[in-house]
Amino acid sequence: MITPTELLFYCRPGFEPDLAAELADKVADLGREGESRFELDTGFLRFVLADGEPANVLHRVLPLASLVFARQSLVALPTLSLSREDRLSPIVDQVVESGWSFDSLWQETPDTNEAKTLAGLIKALDRPLESLLRKRKALRRKAGRRRLHLLWSAGDRVQIGMSFPGNRSDLSGGIRRLRFPHGAPSRSTLKLEEAWHEFVPKEAWDSRLAEGMQAADLGAAPGGWTWQLVNRGMNVYAVDNGPMDRKLMATGLVEHVKEDGFVWEPPMCLDWLVCDIVDKPSRVESMVERWFVNRWCREAIFNLKLPMKRRWPEVSLCLGRLAEALQEGGIEGKIQCRQLYHDREEVTVHVRVKE
Ligand SMILES: C[S@@+](CC[C@H](N)C(=O)[O-])C[C@H]1O[C@@H](n2cnc3c(N)ncnc32)[C@H](O)[C@@H]1O
């Protein structure tokens, strides 16, 4: 039997050091020890627990939803180096040796151009691998919805991971691919759409993203985010000195406010505040803080732009300040923050006040 003593995380290539810094803080807060191992720009990171401690325990207390820079979180076995003559046997043997069984198999690669060239090889291995795993009872029709992940970082390098329902991304590679909506005026539109998928459960869309709701979009031009709000039938104050898309304005649902988003105040309490202004994270955070403390909105989605080198300390500082301000203002709210697939050098924050 081999016990998994590593966690395997997927992330945006280039953000491995940020994920490592985040994990160092969060794992220490949980009173546990371990070490991140990664190479820059590879899109994944191994977190190896100290003293061969089992990884399942840490995995349970460190939910994926609580992590900013991780796209996927798996309990993992040691990386395998394979020979080209027989790639399959060592994989199947290791899975069997772990003692775990699964009801599905996902073969994945990190989100890099280099790794994507492995797609053909992976596809060719899929059928034979499945059939061998079934023969050895490691793949079964029902196995607690546990999923077996194979992360291929090269043609001869694979790491076996496992995921559990409720604490994983159910998207391949942890990536939410969205189709660009016809008529939206900018590519940024996908950031807000992805944020809604991430932070608003599908069954709540009709009540929380409802027709007739009132929203403000700060830094709105040319209107990608406003387009999403209008697409849900909302009325939008689009605050930006820049020009807004003409077709969007023709809907009659948008009021273009040519003012500074950091000082503009809404005429009443709104349902949504969204903000995509490129500015210092701390400046954006204090602006959002002001909105909630003054009860100008119930729910918000905003980006923190992170052009700096040490991104996690900046994010952590802003989230800490916001949580403190809400508490001091007597506002019960939930704050979530994640780097989404459509986010580049930025993360997305969601805040919702309890009704
Ligand atoms: C990244 S773009 C927003 C793109 C928009 N979310 C979209 O989907 O089309 C940032 C915008 O913020 C605006 N901006 C910058 N500083 C601002 C401020 N203080 N108040 C309002 N808008 C501001 C810029 O004019 C720019 O249009």
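Strands β12 (residues 270-275) and β13 (297-305) pair in the parallel sense over 5 bridges, two strands being taken as paired if DSSP finds at least two bridges between them. Helices (H or I, at least four residues) and strands (E, at least two) are DSSP runs, numbered from the N terminus. The structure is a predicted model, in which local features need pLDDT of at least 70 and side-chain atom pairs count only at pLDDT 80 or more, while totals for chains, interfaces and linings use all residues. Residues are numbered from 1 along each chain as its sequence is written.

Because 7 of its 9 residues are buried, β13 is largely enclosed by the rest of the structure. A residue counts as buried if 20 or more other C-beta atoms lie within 10 Å of its own, exposed if 12 or fewer, and partly exposed in between, with C-beta atoms placed from the backbone.

The buried residues of helix α11 are Arg311, Trp312, Glu314, Val315, Cys318, Leu319, Leu322 and Leu326. Seen down the helix axis, they fall within an arc of 165° (taken over the directions from the axis to the C-beta atoms), and so line one face of α11. The face turned away from this buried side carries the exposed residues Gly320, Glu324, Gln327 and Glu328. Gly330, with a positive phi near 70°, follows α11.

Notes: Contact = placed C-beta atoms within 7 Å.
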